[in-house]
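Me: I'd like to get to know a protein chain from its model. Could you walk me through it, one question at a time?

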Amino acid sequence: MRATAYWIDAPARGALRGEAVPGPGAGEVLVRTLYTGISRGTESLVFRGEVPAGERERMRAPFQAGDFPGPVKYGYLNVGVVEQGPTGLVGRTVFALYPHQSAFVVPAGSVAIVPDDVPARRAVLAGAVETAVNIVWDAAPLVGDRVTVVGAGMIGCAVAHLARGIPGVEVVIVDIDGAKAEVCERLGIAYARPADAPPDRDLVIDTSGSDEGLQLAIDTAGAEGEIIEASWFGDRAASVRLGGAFHSRRLTIRSSQVGMVAPRRRGTRTTSDRLALALRLLRDPVFDHLLSGESSWRDLPDVMAAIAAGSLPGLCHTIDWRDAG
């Protein structure tokens, strides 16, 4: 059979291509895509060709084709229906870490069943919520902590929502875009502009992907506070000021990355366990507020270019493949 896939032919140039899809073998599934989601931060860096040479192997998506900077087929938020495969999976809606493509074949163990009470479009957020779970595991907020999340993007909002579920935890999202106050209100989370960011925070999680965001995290952390750097800068250098009270307040900066399960849970959870948890958490309809736009697969090249250029704002933009044939 034939499928349509999105490729980045070269930095800042994407296109749709037709591809042959083989029939599934033993232990494999054929999935017909319903929706894919665009991970704004990472996919924008990939689209612009900003993956550092030294990180290209580590940054490979599970079913990526081609190599950075291009031609490359990249993506990892795919929800579809199993059309062929083991009896227990046929007809089930599944999530897979697969690029933007209308149909594909993968090992059956590479798909996760979407709970029946999670809508297919919402399920594209599984990758984002899984990342947020890992960040919260890395950050390990305590009961009653004062937590700031810098950056009201898809990941930042998911992290803030999970953190606020811990008893007594006070969460504020800080973002330079005043329009993000609306989504924060819908999530039931306090919003602040950088100039109004509260000081003396026990924990600050930066998801902004900017020097200014990381600097704000440093400046607003309290004595012996922790800063979790959860965004990724690609090949861009980050410049921050470590003078002032950085040392006297004995601040700690730690990274968080979804490629490995957080150390605090690595002995008891697998990546499959973590993804299954994310899909269960998506039963909460509040996550629909993170779905901010939708386009046909036919428009994907233009949509990706606009997101990477910053001219199409929002959180998670989904691509509808249901009529791709």
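The questions below go from the whole chain to single residues.

Reply: Happy to, and a word on the ground rules comes before your questions. This is a predicted model, in which local features need pLDDT of at least 70, side-chain atom pairs count only at pLDDT 80 or more, and totals for chains, interfaces and linings use all residues. Residues are numbered from 1 along each chain as its sequence is written, and side-chain values use heavy atoms, with hydrogens and water left out.

Me: How many helices and strands are there in the chain?
Reply: Helices (H or I, at least four residues) and strands (E, at least two) are DSSP runs, numbered from the N terminus. By that reading, the chain has 8 helices and 17 strands.

Me: What is the radius of gyration of the chain?
Reply: This value is taken over C-alpha atoms, and the globule rule is 2.2 Å times the number of residues to the power 0.38. For 325 residues the rule gives 20 Å, and the chain comes close to that, so it is as compact as a globular protein of that length. The radius of gyration is 20 Å.

Me: Which residues is Gly-49 in contact with, leaving aside its neighbours within four places in sequence?
Reply: Gly-49 follows α1 and has a positive phi, near 75°. At 23% relative accessibility, this glycine counts as partly exposed. Contact means heavy atoms within 4.5 Å. On that basis, its partners are Pro-11, Pro-69 and Asp-235.

Me: Which residue does a cis peptide bond join to Phe-68?
Reply: Look in the loop between β4 and β5. The omega of the bond is about 0°. The residue joined to Phe-68 is Pro-69.

Me: And which residue does a cis peptide bond join to Gly-70?
Reply: This one is also found in the loop between β4 and β5. Omega is again about 0°, and the residue is Pro-71.

Me: At roughly what angle do the axes of helix α3 and helix α4 cross?
Reply: Axes are lines fitted to C-alpha atoms, for helices over the stretch in contact, and angles run from 0 to 180 degrees between N-to-C directions. The axes of α3 (residues 126-139) and α4 (residues 154-163) come within 9 Å. They cross at roughly 55°.

Me: Which residues in α4 do the α3 residues meet?
Reply: On the α3 side, the residues include Ala-128, Ala-132 and Val-136. On the α4 side they are Met-154, Ile-155, Ala-158, Val-159 and Leu-162.

Me: Is Glu-130 buried or exposed?
Reply: Glu-130 is found in helix α3. Leaving aside neighbours within four places in sequence, its contacts include Arg-274 and Leu-275. Its relative accessible area is 7%, so Glu-130 is buried.

Me: Does Arg-250 count as buried or exposed?
Reply: Arg-250 is found in the loop between β14 (221-229) and β15 (252-255). Its phi is near 55°, a positive value in a residue other than glycine. At 58% relative accessibility, Arg-250 counts as exposed.

Definitions and conventions:
Buried < 20%, exposed > 50% of the residue type's maximum accessible area, 1.4 Å probe, protein only.
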